[in-house]
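Grab a pencil and let's work through a few exercises on one protein chain. Each task comes with a solution that goes step by step.

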Amino acid sequence: VAWIILLSGCALAFVYQAIAVVDKYYRMDKITDIQLKFDTAPFPAITLCNLNPYKDSTIRDEESVKKIANSVCVCEDDECEADAPKVPTESDGMCICAFDRLTQDAWPCHPKAIWQNTTCQFCDDHMFCQKYSKNGERQNEPCLCGNGEAFCMKYDRMAKLLNLWEFFGELSKVTDITDDEIEALGFGNMTDEVAIVTKAKENIIFAMSAVSEQQR
């Protein structure tokens, strides 16, 4: 009887430990090892490197990243809502919208007749403008204002407006990536977010290093 009790206890302990180990494995915990060293830094002690392959000034001037876009919209009581992915037809109403690529929000939207080409005294780095400057600074930038000049955005009147149905159409093509393409990019069997971001940065650096400095 004693041996049966002892054997049963060992078996239960084994099952418990096995379940705990398997559970810990499937949690996929991230282990961070930090070591502090206070050795003397070799010359040069400080090195500044710019690993950003894109020029901020060029990106701001590129028409493809501007925040003004055409979209199909539905208006009711002077309030318009964009139907961004929809391809326009002859019966659809069209609006010009302020478009945020990060959140993919198109707002505010107004019919084209409401927007006015004008000049704004101040525009910030995000291309939002004020018809009349509040700090006394006058830049006199070309802008597009809607809703009684309550909302204005910088617009040089020459760049082609982004068509949201084309943007979302191209976005759907980009997101439709085959397993072979994922494997070729080095993302196969990757689940750790940090590793995925690091690999994506490496791919960008390698891609940019393959083009000429002028194209960068």
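**Exercise 1. Decide whether Ile19 is buried, partly exposed or exposed, then find its patch.**

Step 1: Ile19 has 55% relative accessibility, so it counts as exposed. The cut-offs are under 20% relative accessible area for buried, over 50% for exposed and partly exposed in between, with a 1.4 Å probe and protein chains only.

Step 2: Ile19 sits in helix 1 (residues 2–27). Helices (H or I, at least four residues) and strands (E, at least two) are DSSP runs numbered from the N terminus.

Step 3: Together with Phe14 and Val15, Ile19 makes a nonpolar surface patch of about 330 Å² accessible area. Nonpolar side chains (Val, Leu, Ile, Met, Phe, Trp, Tyr) are joined within 5 Å, like charges within 9 Å. Areas come from the Shrake-Rupley method with a 1.4 Å probe, and for residues only the protein chains shown count as cover.

A quick note before you go on: this is a predicted model, where local features need pLDDT of at least 70 and side-chain atom pairs count only at pLDDT 80 or more, while totals for chains, interfaces and linings use all residues. Residues are numbered from 1 along each chain as its sequence is written, and side-chain values use heavy atoms, leaving out hydrogens and water.

**Exercise 2. Work out how Phe99, Phe167 and Phe168 form one aromatic cluster.**

Step 1: Rings of Phe, Tyr and Trp (its six-membered ring) pair if their centres lie within 6.5 Å; planes under 30 degrees apart are stacked, over 60 edge-to-face, the rest tilted. That rule gives 6 aromatic pairs.

Step 2: Phe99 is in strand 3 (residues 93–100) and Phe167 in helix 3 (residues 164–175), 68 residues apart.

Step 3: Phe167 also pairs with Phe168: the centres are 5.3 Å apart and the planes at 85°, so this pair is edge-to-face.

Step 4: Phe99 is buried because its relative accessibility is 2%; Phe167, at 15%, is buried too.

**Exercise 3. Where is Ser71, and which residues does Ser71 contact beyond its neighbours within four places in sequence?**

Step 1: Look in strand 1 (residues 68–76) for Ser71. Its relative accessible area is 0%, so Ser71 is buried.

Step 2: Contact means heavy atoms within 4.5 Å. Beyond those sequence neighbours, the contacts of Ser71 include Ala82, Gly93, Cys97 and Trp165.

Notes:
Patch = residues over 30% accessible without salt bridge, like charges linked within 9 Å, V, L, I, M, F, W, Y side chains within 5 Å. Salt bridge = Lys/Arg side-chain N within 4 Å of Asp/Glu carboxyl O.
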